[in-house]
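Please walk through this fold with me, from the whole chain down to single residues.

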Amino acid sequence: MTEPRANNEPSEFDGHREAAHAARLAAGTGSSASRLPVLLAALCDRLPEDRVVALEHLFGMITGPGDPLLTRFIAAQHAAGLAQQLTEITRVWSTEVPGVPGSGLALALAAIRSFPRPRPAQVVVSGPISASAPARLTSGVAVDVIRSAESSLLIASFAAHGARDVVMEIRRAVDRGVRVDLLLEESTQASAAFAALPDEVHVWHRADSTGVLHAKLIAADRQTAFLGSANLTDRALSHNIELGVLLRDPSTVEPLVDHFRWLLAPENNAMRFA
């Protein structure tokens, strides 16, 4: 049975409600009728922090919803569903609060971003994109998660081939001092895809032959993890029909990372250096 929550303990709903309220005040709408704060909060939930900051700068330069700069920016977006999401924000902005300047939306995004709140899981796909639910593309999420790492990266894949953007981003992570552990299936020669990486990258294989390493995971630090069906191959990242999920809740990510760290511990004899 779930224990009752203390009166002064914030719930997830409270966090979302207060974040939306902060966005509403920052946008200067003064009314809960506008959908704009909710749409802006959803945009913050979807994008990595550096992309949200870039949008804050963009809105700071925009005079209003009809600004050609915004129109050109939306047209240039290729991530799945992002252009539609920005178009809906622009439509609601224009019809419900047309007097709010772009700087108001920039301030709203900053308020939402700075307010601590749960980050929902996101659907990640490769292949054809439907309009049934907002989703991000596997290739972009893989690069974004690697790019977000500050101290450690855990990457597991059954197969690997090509994936130049992923390899390049791993190299950049190494250059900024991130520890990188690659857990790869030996029978598929997956390690060949990463042969050009520096010696600081730790490559691991199964320590025994009773099974294969079939997991697919990219975990940055102990805060962000991407797991799903896609191997680190060009076809899986972009063309195959693949499905995954992006997790940004440390309470969920930390046990995943701990499990793989346990696998790498020599005393457990689960993995060995390649």
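**A guided look at the chain**

At 2% relative accessibility, Thr138 counts as buried (buried is under 20% relative accessible area, exposed over 50%, partly exposed in between, with a 1.4 Å probe and protein chains only). This is a predicted model: local features need pLDDT of at least 70, side-chain atom pairs count only at pLDDT 80 or more, and totals for chains, interfaces and linings use all residues. Residues are numbered from 1 along each chain as its sequence is written, and side-chain values use heavy atoms, with hydrogens and water left out.

Thr138 belongs to helix H7 (residues 138–148). Helices (H or I, at least four residues) and strands (E, at least two) are DSSP runs, numbered from the N terminus. The side chain of Thr138 makes a polar contact of 2.6 Å with that of Ser126. Such a contact is a pair of N or O atoms within 3.5 Å; within protein, one must be able to donate a hydrogen and the other to accept it, and residues adjacent in sequence count only if both atoms are side-chain atoms. Leaving aside residues up to four places away in sequence, Thr138 also touches Val124, Val125, Phe226, Ala230, Ala236 and Leu237, among others. Contact here means heavy atoms within 4.5 Å.

Now step back to the chain. It holds 10 helices and 11 strands. Of its 274 residues, 46% are buried. Among contacts with a separation of 6 or more, 71% link residues 24 or more positions apart.

Where do the nonpolar side chains gather? The largest nonpolar core has 30 residues. A nonpolar core is a set of buried Ala, Val, Leu, Ile, Met, Phe, Trp, Tyr and Cys residues joined through side-chain atoms within 4.5 Å. Leu153, Ile170, Leu182, Phe194 and Ile218 have the most contacts inside the largest core. H7, strand S3 (152–157), H8, strand S5 (179–184) and strand S7 (217–220) each supply at least two of its residues. H8 gives the most, with five. Ile218 touches residues including Ala142, Val145, Leu153, Ile155, Phe226 and Leu232, not counting those up to four places away in sequence. Apart from this core lies another, of 27 residues, among them Ala41, Leu47, Phe59 and Ala108.

H6 (residues 102–114) has 13 residues and reaches 19 Å from its first C-alpha to its last, close to the 18 Å expected at 1.5 Å a residue. That expected span is 1.5 Å times one less than the number of residues.

Next, the strands. Five of the six residues of S5 are buried, so S5 is largely enclosed by the rest of the structure. S5 pairs with S3 in the parallel sense over six bridges, and Ser152 stands opposite Arg179 in S5. S5 also pairs in the parallel sense with strand S6 (residues 202–206), over three bridges. There, Leu182 has Val203 in S6 as its bridge partner. Two strands count as paired if DSSP finds at least two bridges between them.

Two loop residues deserve a look. Most residues other than glycine have a negative phi. Ala163 has a positive phi of about 50°. It sits in the loop between strand S4 (160–161) and helix H8 (164–175), and it counts as buried at 4% relative accessibility. Asn269 has a positive phi too, near 50°. Its loop runs between helix H10 (250–264) and strand S11 (271–273). At 54% relative accessibility, Asn269 counts as exposed.
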